[in-house]
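Have the structure open while you read.

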Amino acid sequence: MRDLSLHLLDILQNSISAKADNVSIELAVDTSTDKLALKIADNGIGMNEKLLKSVTDPFTTTRTSRKVGLGISLLKASAERAGGELMIQSSEGNGTTISANFSISNIDRLPLGDLTETICSIIAAYMEIEIDLTLINGSKTFQFSTIEIKKQISGIPINHYDVLEWIREFINEGITTIFGGVLNEIVSGT
Amino acid sequence: MKSLAELEEIRKKALDKINIRKENNGVRIVVGMATCGIAAGARPVMNTIVEELKKRNINDVTVTMTGCIGVCRLEPIVEVLDPDGSRVTYVNMTPEKAQHIVSEHIVNGRICLDYTIGEVEKKEKSKA
């Protein structure tokens, strides 16, 4: 994967396959410790111990059509290549939480990429899934929640073009505000 | 700063339009968005489709995602499903081809034959 937002999109598909209808995404930057942490928590069906143990193995998949599943193992490789690690917590019936850490200054750390496009494409395709996005940089935080938005627009689907456009601008503004000083370094990796 | 109050404006305007909107004609556009699709560039393809539909104010087409369709080497893959059950599978998609599909297939009802899985595979075979 070329950037973290594409990894995120991939992991979100896992949540959707696990029948999650609520996913919270947290992206935290801490420049004092040089850490970037991406956390995705869903309320899907979760994994049993056996699957959890083997899930980072590329030859593990829940798919029955073939024997390879690369999503999680690719994210793990991206994190480890950049001085970080991948952690997964999951149990059957209690959803799954995936956390990937990266060392910001590591030359191999993937750029964030277009986070807004990832969120908006999920909203456009799966209007019934609730997404909660939190951006953190030191003491600054930004919050976006589809539940909040849906309250404001009752009667209109959340994937209505004008609503999507508003969401796109809102999240972009959040990214600029929160990551202001380190924006180029985080988003494009330069 | 964007404010939630703006959403109320959007809602009012949208509600007016929804009343005059015609029945959903039921065309579905499905984009393969598994690991293989994403890595091959499916996200910009899907967003281009949504953008193009928006530009033309087409409200009766559903755009959605699916997992791995099974021919990863031909990703990004886009399927157009008509309400009568017919299905066209487009492969090796790019944002440019996606624009073309919206204007030709969705708007004018003409299938973009060159981008279909059948044609692409035929060409591949003749090369081999």
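## Ground rules

This is a predicted model, where local features need pLDDT of at least 70, side-chain atom pairs count only at pLDDT 80 or more, and totals for chains, interfaces and linings use all residues. Residues are numbered from 1 along each chain as its sequence is written, chains are lettered from A and ligands numbered from 1 in the order in which they are written, and side-chain values use heavy atoms, with hydrogens and water left out.

## Chain B at a glance

Chain B carries five helices and four strands, with helices (H or I, at least four residues) and strands (E, at least two) being DSSP runs numbered from the N terminus. Going along the sequence, the pattern of chain B reads α-β-α-α-β-β-β-α-α. Along the principal axes, its C-alpha atoms fill a box of roughly 60 × 35 × 20 Å.

## Where the chains meet

Chain B puts 35 residues into the contact and chain A puts in 39, contact being heavy atoms within 4.5 Å. About 3,200 Å² is buried between chain B and chain A, and carbon and sulfur atoms give 61% of that. Buried area here is the accessible area (1.4 Å probe) that two parts lose on being put together, summed over both.

One piece of this is helix H6 (residues 161-179) of chain A against helix H3 (residues 42-55) of chain B, packed at about 125° with axes 11 Å apart. Axes are lines fitted to C-alpha atoms, for helices over the stretch in contact, and angles run from 0 to 180 degrees between N-to-C directions. H6(A) and H3(B) are therefore oblique to each other; angles under 35 degrees count as roughly parallel, over 145 as roughly antiparallel, 65 to 115 as roughly perpendicular and the rest as oblique. On the H6(A) side you'll find Tyr161(A), Leu164(A), Glu165(A) and Arg168(A), which meet Asn47(B), Val50(B), Glu51(B), Leu53(B) and Lys54(B) in H3(B). By class, that contact of H6(A) with H3(B) has four nonpolar, one polar and four charged residues. In this scheme Ala, Val, Leu, Ile, Met, Phe, Trp, Tyr, Cys and Pro are nonpolar, Asp, Glu, Lys and Arg charged, and the others, Gly among them, polar.

## Salt bridges

The rule (a side-chain nitrogen of Lys or Arg within 4 Å of a carboxyl oxygen of Asp or Glu) gives 17 salt bridges over all chains. Three of them cross the interface of chain B and chain A. Glu51(B) and Arg168(A) pair up this way, at 3.3 Å from N to O.

Inside chain B, Glu121(B) bridges to Arg73(B), with the closest N and O atoms 2.5 Å apart. This pair links distant parts of the chain, 48 residues apart: Glu121(B) sits in helix H5 (residues 117-127) of chain B, and Arg73(B) in the loop between strand E2 (61-66) and strand E3 (78-81).

## Helix packing inside chain A

H6(A) also has a partner in its own chain: helix H4 (residues 115-125) of chain A packs on H6(A) at about 150°, with axes 9 Å apart. That makes H4(A) roughly antiparallel to H6(A). The residues of this contact divide into nine nonpolar, two polar and two charged. Among those in H6(A) are Leu164(A) and Arg168(A), which also take part in the contact with H3(B).

Elsewhere in chain A, helix H1 (residues 4-17) and helix H3 (residues 71-81) pack at about 145°, their axes 9 Å apart. Here the contact of H1(A) with H3(A) has four nonpolar, four polar and one charged residues.
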